[in-house]
Amino acid sequence: MSLHVKKGDNVLVIAGKDKNKTGNIIAANPSDNTVVVAGVNIVSKHQKPKKAGEKGGIIKREGKIDVSNVQIICPACGKATRVGHKLIDNKNVRICKKCGASLDNSKAAKKEATKATKEVTNKSTTKTTAKKETAAKSTTAAKKTTKKSDKE
């Protein structure tokens, strides 16, 4: 059986103890419908030393999560979404159900995602720089008026 996510996808955990955490998929196991997500579902493994000079101890690592407990994050709109399938150029492509963008690791999808993030950051930086400029003007005007009143 195939999964709706692939190795390398950025996903959001929607159920369990690590709900609302995000991470990239390290491994996908279609045979038992599980995935391993980086930084999520950390489990402790007690390891015994096997050879002389080797250290034993408690090792922390990522555990498996059922694939139904994760949702893919669309690179174009940045939201957790369900996955749709579409036939484009005789290839079955995964698409975002919210914005319709491709979820597969194609160069076009990456370009669209970077353009969208650049536009968002440009809008936010222009707003903050405009606010800083107006604040700086008002403080310099206040300093000038206090210096004039001190001289008189």
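Trainee: How many helices and strands does the protein chain have?

Mentor: The protein chain has 1 helix and 10 strands. Along the sequence the pattern is β-β-β-β-β-β-β-β-β-β-α, with the helix, H1, covering residues 107–151.

Trainee: Where is confidence lowest, and where is it highest?

Mentor: Confidence is lowest in helix H1, with a mean of 58, and highest in E3, with 96. For the protein chain the mean pLDDT is 81, and 68% of the residues reach 70 or more.

Trainee: How should coordinates be read where pLDDT is low?

Mentor: Where pLDDT is low, the predicted coordinates should not be read in detail.

Trainee: OK, strands then. What order do they take in the open sheet?

Mentor: The open sheet has 6 strands, in the order E6-E3-E2-E1-E7-E8, and the pairing is antiparallel.

Trainee: Which strands stand at the edges?

Mentor: Strand E6 (64–66) and strand E8 (80–81) do. Each has a single partner strand, so one side of each is left without a neighbour in the sheet.

Trainee: What about E1, how many bridges does it have with E2 and with E7?

Mentor: E1 and E2 pair over 3 bridges, in the antiparallel sense. E1 is also joined to E7 by 3 bridges, again antiparallel. On the E7 side, Leu12 stands opposite Gln71. On the E2 side, Asn10 has Asn24 as its bridge partner.

Trainee: Stay with Asn24. What does Asn24 touch?

Mentor: Leaving out residues up to four places away in sequence, Asn24 touches Gly8, Asp9, Asn10, Val36, Val37 and Ala38. Asn24 and Asp9 are 15 residues apart in sequence, but their C-alpha atoms are 5.5 Å apart in space.

Trainee: Is Asn24 buried, exposed or partly exposed, and why?

Mentor: Asn24 counts as partly exposed because its relative accessibility is 40%. That value lies between the 20% limit for buried and the 50% limit for exposed.

Trainee: How much of the protein chain is buried?

Mentor: Buried residues make up 23% of the 152 residues. The chain exposes about 11300 Å², and carbon and sulfur atoms supply 54% of that area.

Trainee: Which residues of the largest nonpolar core touch the most other members?

Mentor: That core has 17 residues, and those with the most contacts to other members are Val5, Val35, Val37, Ile65 and Val70. Strand E1 (10–13), E3 and strand E7 (70–73) each supply at least two residues of the core. As background, nonpolar side chains tend to be buried together in soluble globular proteins.

Trainee: What is Ile65 in contact with?

Mentor: Setting aside neighbours within four places in sequence, the contacts of Ile65 include Val13, Val35, Val37, Val40 and Val70. Asn33, Thr34 and Asn41 are also among them.

Trainee: Changing topic. How many disulfides are there?

Mentor: The count is 0 disulfides. Cys77 is in no disulfide, and the nearest cysteine sulfur, that of Cys74, is 3.6 Å away.

Trainee: Last one, on backbone angles. What is phi of Asn20, and what is phi of Asn90?

Mentor: Phi of Asn20 is near 75°, a positive value in a residue other than glycine. Asn90 is not a glycine either, and has a positive phi of about 60°.

Methods. Residues numbered from 1 in each chain as written. Predicted model: local features only at pLDDT ≥ 70, side-chain atom pairs only at ≥ 80, totals over all residues. Heavy atoms only, no water. Helix = DSSP H or I, 4+ residues; strand = E, 2+ residues; numbered from the N terminus. Buried < 20%, exposed > 50% of the residue type's maximum accessible area, 1.4 Å probe, protein only. Areas by Shrake-Rupley, 256 points an atom, 1.4 Å probe, with all protein chains shown as cover. Pairing = 2+ DSSP bridges. Contact = heavy atoms within 4.5 Å. Core = buried A, V, L, I, M, F, W, Y, C linked by side-chain atoms within 4.5 Å. pLDDT = per-residue confidence, 0-100. Disulfide = S-S within 2.5 Å.
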